[in-house]
Amino acid sequence: MINIPSGYQTVMPYLIVKNAAKFSAFTQKVFSAEEKMRHMRDEKIIMHAEVIIGGSTIMFADATEQFTERTTGLFVYVENADETFKKALDEGATSLMLPADQSYGRSSGVEDPFGNTWWITTPL
């Protein structure tokens, strides 16, 4: 049996983004994320940080010459897809799909200012 540390999941996304501090702020404002930790390489570069959104951990760091940008697509359940979509746009995201009723819930899509795609869904 694998002994996963408390507060972590078997699989967690690890993003490498330009301006990781602003990425953290984006997740906090849009998804009410809680920043769990932040380790700095120096005064400006985040070497490793983690945010928690609804019990799920996202790890991330600043892009460097050695570790280049690595973005991803994320699917997130939220209380109100329309509200969260608007918050994301207010924080600089670009609309990929307007909120609409789908067979699995109310869903929308955005690309954040860091190149990540977020599928924002309120389940049925």
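The second largest pocket of this predicted model is lined by Val-30, Phe-31, Ser-32, Tyr-77, Val-78, Glu-79, Asn-80, Glu-83, Thr-84 and Lys-87. Two elements, helix 1 (20-31) and helix 2 (81-90), each give two or more residues to this lining. Helix 2 gives the most, with three residues. By class, the lining divides into four nonpolar, three polar and three charged residues. About 160 Å³ of space lies in the second largest pocket.

Ser-32, one of these lining residues, sits in the loop between helix 1 and strand 2 (34-40). Its phi is near 55°, a positive value in a residue other than glycine. Ser-32 has a relative accessible area of 57%. That value is over the 50% cut-off, so Ser-32 is exposed.

A positive phi also occurs at Asn-19, where the angle is about 65° although the residue is not a glycine. Asn-19 lies in the loop between strand 1 (14-17) and helix 1. Its relative accessibility is 35%. Asn-19 therefore counts as partly exposed, the class between under 20% and over 50%.

The largest pocket holds about 220 Å³ of space. Its lining comprises 14 residues. Among them, Ile-53, Ser-56, Ile-58, Phe-75 and Val-76 lie nearest the centre of the pocket. Strand 4 (56-62) and strand 5 (73-77) each supply at least two lining residues. The largest share, four residues, comes from strand 5. The lining of the largest pocket has 10 nonpolar and four polar residues. No charged residue is present in that lining, whereas the second largest pocket has three charged residues in its lining.

Gly-109 belongs to strand 7 (residues 105-111). Its relative accessibility is 0%. This is under the 20% cut-off, so Gly-109 counts as buried. Neighbours within four places in sequence aside, Gly-109 is in contact with Phe-85, Thr-94, Ser-95, Leu-96, Met-97, Trp-118 and Trp-119. One of these partners, Phe-85, falls within the residue range of helix 2 (81-90). Thr-121 is 12 residues from Gly-109 in sequence. In space, the C-alpha atoms of Gly-109 and Thr-121 are 8.6 Å apart.

The protein chain as a whole contains two helices and eight strands. From the N terminus on, its elements run β-α-β-β-β-β-α-β-β-β. The radius of gyration of the protein chain is 15 Å, close to the 14 Å that the globule rule gives for 124 residues, so the chain is as compact as a globular protein of that length. Along the principal axes, the C-alpha atoms fill a box of roughly 45 × 40 × 20 Å.

Of its 124 residues, 36% count as buried. Gly-109 is one of the buried residues. Contacts between residues at least 6 apart in sequence were examined for their separation along the chain. Of these contacts, 51% join residues at least 24 apart. The accessible surface of the protein chain comes to about 7,400 Å². Carbon and sulfur atoms account for 52% of that surface.

How values were computed: Residues numbered from 1 in each chain as written. Predicted model: local features only at pLDDT ≥ 70, side-chain atom pairs only at ≥ 80, totals over all residues. Heavy atoms only, no water. 1 Å grid on protein atoms, 1.4 Å probe; cavity = no way out; pocket = protein on both sides within 12 Å on 5 of 7 lines; lining within 4 Å. Points joined across faces, edges and corners; volume = space filled by probe spheres on them. Nonpolar A, V, L, I, M, F, W, Y, C, P; charged D, E, K, R; others polar. Rg over C-alpha atoms; globule rule 2.2 N^0.38 Å. Buried < 20%, exposed > 50% of the residue type's maximum accessible area, 1.4 Å probe, protein only. Contact = heavy atoms within 4.5 Å. Areas by Shrake-Rupley, 256 points an atom, 1.4 Å probe, with all protein chains shown as cover.
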